[in-house]
Amino acid sequence: MEAEGLDWLLVPLHRLVSWGAAAAMVFGGVVPYIPQYRDIRRTQNADGFSTHVCLVLLVANILRILFWFGRRFESPLLWQSVVMTLTMLLMLKLCTEVRVANELNLKRRSFADFDPHHFWHWSSFADYVQCVLAFTGVAGYVTYLSIESALFVETLGFLAVLTEAMLGVPQLYRNYRHRSTEGMSLKMVLMWTSGDTFKTAYFLLNGAPLQFSVCGLLQVLVDLAILGQAYAFARHPQKPVPHAAHPASTKAL
């Protein structure tokens, strides 16, 4: 009787917690990029942020949206992909504008050149949009033709979450190559780590497809490796090299 008497409180509370968790899943993924976005706008320097992070997340979330058509998973995960895709396009737009404004080489590079040496280093945001639309069109067409194949659908889902699990690898490699985390927002990485930990727990507790949970754990490990770099390079900073190139001409990955 006592348990039944508390239903009026427990049921709305459970719904409130569920809605809160769903909202955190949808919008929580974009929060880490807010301090990085503000830092780039304030300093007008995007060298500390690898735009390949945007590439990884765009590919991962487009594939995840296509995976949803073959195997319906929870709506918050679908909307998270839509919100993240829009956020990465905004990050790309800002980084491209800042890089072009600071770049010493004024030669225009475009997606239509099909030059692999300048892939994802184009001079206009419109070129990135063209690339994303081309990838979406090809991947969508292949998915449409193969949607009845369970093997294809499961492989598509695995590729989507595995690509997302590799999110931090471009930043990890960039830090290793420069032996420094200068210009990287530590707040962003801390938010990555906390967000990925929450996301992985959400996958495990809500019975998400196995691919989501395994790759979520991998993503947390990459985040921790980047935090380890920040600690190590802070304790043993690289000595400045004389006559170094102007930072504005230095390209992130």
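Axes here are lines fitted to C-alpha atoms, for helices over the stretch in contact, and angles between them run from 0 to 180 degrees between N-to-C directions. The structure is a predicted model, in which local features need pLDDT of at least 70 and side-chain atom pairs count only at pLDDT 80 or more, while totals for chains, interfaces and linings use all residues. Residues are numbered from 1 along each chain as its sequence is written, and side-chain values use heavy atoms, with hydrogens and water left out.

**Whole chain**

Start with the protein chain in a cartoon view. It has 10 helices and 0 strands, where helices (H or I, at least four residues) and strands (E, at least two) are DSSP runs numbered from the N terminus. Along the sequence the pattern reads α-α-α-α-α-α-α-α-α-α. Of the 253 residues, 42% are buried; buried means under 20% relative accessible area, exposed over 50%, and partly exposed in between, with a 1.4 Å probe and protein chains only. Contact means heavy atoms within 4.5 Å. Among the contacts with a separation of 6 or more, 78% are between residues 24 or more positions apart.

Next, colour by pLDDT, the predictor's confidence in each residue, from 0 to 100. The chain averages 82, and 88% of the residues score at least 70.

**α4 and α5**

Select α4 (52-70) together with α5 (75-102). The two axes come within 9 Å and cross at roughly 150°. The helices are therefore roughly antiparallel to each other, given that angles under 35 degrees count as roughly parallel, over 145 as roughly antiparallel, 65 to 115 as roughly perpendicular and the rest as oblique. α4 passes α5 in a left-handed crossing; a crossing is left-handed if the near helix is turned anticlockwise from the far one by less than a right angle, and right-handed if clockwise.

Show side chains at this contact. On the α4 side, the residues include Cys 54, Leu 58, Asn 61, Arg 64, Ile 65 and Trp 68. They meet a set in α5 that includes Leu 77, Ser 81, Met 84, Met 88 and Leu 92. The residues of this contact divide into 13 nonpolar, 4 polar and 1 charged. Ala, Val, Leu, Ile, Met, Phe, Trp, Tyr, Cys and Pro count as nonpolar, Asp, Glu, Lys and Arg as charged, and the others, Gly among them, as polar.

Stay in α5 and pick Ser 81. Ser 81 is buried, with a relative accessible area of 0%. Not counting residues up to four places away in sequence, Ser 81 touches Asn 61, Arg 64 and Ile 65.

Move along α5 to Leu 92, which is also buried, at 0% relative accessibility. Leu 92 touches Thr 51, Cys 54, Leu 58, Trp 120, Phe 125 and Tyr 128, again leaving out residues up to four places away in sequence.

**Two loop residues**

Most residues other than glycine have a negative phi. Trp 120 has a positive phi of about 65° although it is not a glycine. Find Trp 120 in the loop between α5 and α6, where it is buried at 1% relative accessibility.

Gln 44 is another non-glycine residue with a positive phi, of about 55°. Gln 44 sits in the loop between α3 (33-43) and α4 and is partly exposed, at 40% relative accessibility.

**Gln 36**

Step back into α3 and select Gln 36. Gln 36 is buried, at 1% relative accessibility. Leaving aside neighbours within four places in sequence, Gln 36 is in contact with Phe 49, Met 91, Gly 183, Met 184, Ser 185 and Met 188.

**α9 and α10**

Finish with α9 (residues 186-205) and α10 (residues 210-235), whose axes come within 9 Å and cross at roughly 160°. That makes α9 roughly antiparallel to α10, and the crossing is left-handed. Residues of α9 including Leu 190, Trp 192, Asp 196 and Phe 203 meet residues of α10 including Phe 212, Leu 217, Asp 223 and Leu 227. This contact divides into 13 nonpolar, 6 polar and 3 charged residues.
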